[in-house]
Amino acid sequence: VEGKREMEGLMSKMNERGVWQERYCVLIGLQLHYYKKQEDKVPVGSISLEDAAVESAEQRVGRRSALEVFAPQRNFYLAPDDAQESKTWEKAIRDNQMRCLQTTMYAVEQEETSYWPRRVVLSINENGIQ
């Protein structure tokens, strides 16, 4: 998978049957890719973070340092080794979301303003606006 790796490391991920499995996770832009092993070239899966939210899920799943990613396709549960790493992952995901949102907004703003002239001069006289 191409792109700048914002963060990477081992986390446990709960599968759809409720079983926790160790996965090597890589955060690239608005995608969180997870692999069976660090040396794997192709991810087992990816979580789109574009319209997702992330928060602590320790009490919900009964696992220390667990995070829940509310994604459009489904909710994902991830658990780094400790609380500090959990906070670091949560912050990295949110920071990436904000950075990508700001980049998108800037691009749209630039696109919208590129259609308009840089300066408009109007003169008003007895004939109206010219």
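A disulfide is a covalent bond between the sulfur atoms of two cysteines. Cys25 is buried, at a relative accessible area of 1%, whereas Cys100 is partly exposed, at 22%; buried means under 20% relative accessible area, exposed over 50%, and partly exposed in between, with a 1.4 Å probe and protein chains only.

Because the model is predicted, local features need pLDDT of at least 70 and side-chain atom pairs count only at pLDDT 80 or more, while totals for chains, interfaces and linings use all residues. Residues are numbered from 1 along each chain as its sequence is written, and side-chain values use heavy atoms, with hydrogens and water left out.

**The whole chain**

Show the chain as a cartoon, where you can find two helices and nine strands, these being DSSP runs (helices H or I of at least four residues, strands E of at least two) numbered from the N terminus. Along the sequence they follow the pattern β-β-β-β-β-α-β-β-α-β-β. Of the 130 residues, 32% count as buried, and the chain exposes about 9000 Å², of which carbon and sulfur atoms supply 50%; accessible areas come from the Shrake-Rupley method with a 1.4 Å probe, and for residues only the protein chains shown count as cover. Among the contacts with a separation of 6 or more, 33% are between residues 24 or more positions apart, a contact meaning heavy atoms within 4.5 Å.

**The seven-stranded sheet**

Next, colour the strands of the open sheet, which has seven strands in the order E4-E3-E2-E1-E7-E6-E5 with antiparallel pairing; two strands pair if DSSP finds at least two bridges between them. The edge strands are E4 and E5 (53–56), each of which pairs on one side only. From one strand to the next the twist averages 35 degrees, with axes taken as lines fitted to C-alpha atoms (for helices over the stretch in contact) and angles running from 0 to 180 degrees between N-to-C directions.

Select E1 and E2 together: they pair in the antiparallel sense over eight bridges, and Met14 stands opposite Trp20 in E2. Their hairpin has five residues between the strands, and there Gly18 takes a positive phi near 85 degrees.

Move on to E2 (residues 20–28) and E3, which run antiparallel and are joined by five bridges. Tyr24 stands opposite Tyr35 in E3, and Ile28 stands opposite Gln31 in E3. The hairpin of E2 and E3 has two residues between the strands, with Gly29 at a positive phi near 60 degrees.

E3 (residues 31–35) and E4 pair in the antiparallel sense over four bridges. Within E4 (residues 45–48), Gly45 and Ile47 make up the covered face, while Ser46 and Ser48 make up the uncovered one.

**The nonpolar cores**

Now show side chains for the largest nonpolar core, which has 18 residues, those with the most contacts inside it being Leu27, Leu32, Ile47, Leu49, Val69 and Trp89. Such a core is a set of buried Ala, Val, Leu, Ile, Met, Phe, Trp, Tyr and Cys residues joined through side-chain atoms within 4.5 Å. The elements that give two or more residues to this core are E1 (7–14), E2, E3, E6, E7 (75–79) and H2, and H2 gives the most, with three residues. A second, separate core of five residues includes Met14, Ala57, Ala66 and Ala79. In soluble globular proteins, nonpolar side chains tend to be buried together.

Centre the view on Leu49, which, leaving aside neighbours within four places in sequence, is in contact with Leu27, Leu30, Gln31, Leu32, Val69, Ile93 and Gln97. Gln97 has its place in helix H2 (residues 83–113) and counts as buried at 17% relative accessibility. Not counting residues up to four places away in sequence, Gln97 touches Leu30, Leu49 and Ala52.

**A last stop at Ser65**

Finally, select Ser65, in the loop between helix H1 (58–61) and strand E6 (67–70). Phi of Ser65 is near 65 degrees, a positive value in a residue other than glycine. Most residues other than glycine have a negative phi. Ser65 is buried, with a relative accessible area of 3%.
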